[in-house]
Amino acid sequence: MRLLRLYFRLLGAHLRSLLEYEGDFWIMMVGTALMQVVNIAFLSAVFAKVPAINGWSFWAVVAMFAMVAIAEGVGSLFFEGMWNIAWQINQGDLDYMLVRPYPIVLQVSSMQIGINGLSNIVTGGLMLGAALSHVDVDWSLARMLLGVVVVLSAIAIKVAINLATNAAAFWMQSPGPLFAMAVHQAGDLARFPISVYPLALKAALGFALPFAFVSFFPVSFLLGHGRAWVGLLTPLVAAYCLVVSGWIFSRGLRRYESAGN
């Protein structure tokens, strides 16, 4: 609990500094919300021509877009500092963190806050709520609780992938998160049902980089569509991703030699 309190105090300090520039704050919030509006407009244009995408309705795909937006929003708002790992390695800034009595991975994650994440969480939540309200799902208490666990697990998977791919900078020694950004862009494929992709992409999105468990399989469970039972594996996949990402970060940290060495 002490670590969590300290973590949120650090994020709060960054948030207060960002709120000193209210114009920037509102521009970022509105700009991020407009991006989601454009996504919905794009989907509306697609579904105006086709009734379904491989059996998935308009609102089902909206739910997938919403899950990606929420996961990315949480990653930006609470763990944006992960995207600075490459720069901190390049500049030798990890030296300061190594001597502080606080877990390095938490120090790195709380080094920055992405205020655009708040807008993504809000708009993504609205999209998910609208999608669920337009589908016929028999909501029981157990199903709602499982749904919350699955959604939280999907978010944890996205955060874990961000940490693992950014930790690759310990080996690549680039000042920018090139590899992490490439993987992040590949994750946009998870906005659509993976059943529309060829076998190689299905394997990549379902197992190698399990972005499908950020959107497709959780939505399958929430809507009771397709192989809904696979969505129940999301918490297990999240635990696996968190363990692997933590291991990659710790292994990479052993390679750290400070700047100039």
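Is Asn166 buried or exposed, and what is its relative accessible area? I looked this up first in the predicted model, where local features need pLDDT of at least 70, side-chain atom pairs count only at pLDDT 80 or more, and totals for chains, interfaces and linings use all residues. Residues are numbered from 1 along each chain as its sequence is written, and side-chain values use heavy atoms, with hydrogens and water left out.

**Asn166**

I found Asn166 buried, with a relative accessible area of 2%. Buried means under 20% relative accessible area, exposed over 50%, and partly exposed in between, with a 1.4 Å probe and protein chains only. Asn166 sits in helix H8. Setting aside residues up to four places away in sequence, I list Met82, Trp83, Ile85, Pro177 and Ala180 as touching Asn166; contact means heavy atoms within 4.5 Å.

**The chain as a whole**

I counted 13 helices and 0 strands in the protein chain. Helices (H or I, at least four residues) and strands (E, at least two) are DSSP runs, numbered from the N terminus. The radius of gyration is 19 Å, close to the 18 Å that the globule rule gives for 261 residues, so the chain is as compact as a globular protein of that length. This radius is taken over C-alpha atoms, and the rule is 2.2 Å times the number of residues to the power 0.38. The C-alpha atoms fill a box of roughly 60 × 40 × 35 Å along the principal axes. Of the 261 residues, 46% count as buried. Among contacts with a separation of 6 or more, I note that 79% come from residues 24 or more positions apart.

**Core**

I next looked up the largest nonpolar core, which has 63 residues; Ile157, Phe170 and Phe249 touch the most other members. Helix H3 (residues 58–79) gives the most to this core, with 12 residues. Such a core is a set of buried Ala, Val, Leu, Ile, Met, Phe, Trp, Tyr and Cys residues joined through side-chain atoms within 4.5 Å. For Phe170, beyond neighbours within four places in sequence, I list contacts that include Ile85, Ile89, Leu94, Phe249 and Tyr256.

**H8 against H12**

I then took helix H8 (residues 141–167) and helix H12 (residues 216–223), which pack at an angle of about 170 degrees with axes 10 Å apart. H8 and H12 are therefore roughly antiparallel to each other. Angles over 145 degrees count as roughly antiparallel, under 35 as roughly parallel, 65 to 115 as roughly perpendicular and the rest as oblique. The axes are lines fitted to C-alpha atoms over the stretch in contact, and angles run from 0 to 180 degrees between N-to-C directions. On the H8 side I list Arg143, Leu146, Gly147, Val150, Val151 and Ala154, which meet Pro218, Phe221, Leu222 and Leu223 in H12.

**Burial of H12**

In H12, 8 of the 8 residues are buried, so this helix is largely enclosed by the rest of the structure. What covers them includes H3, helix H7 (116–133), H8 and helix H13 (234–255). Just after H12, Gly224 takes a positive phi of about 65 degrees.

**Other entries**

I checked Asn54, in the loop between helix H2 (22–47) and H3. Its phi is near 55 degrees, a positive value in a residue other than glycine. Most residues other than glycine have a negative phi.

I also looked up Ala156 in helix H8. Apart from neighbours within four places in sequence, Ala156 is in contact with Ala238 and Leu242.
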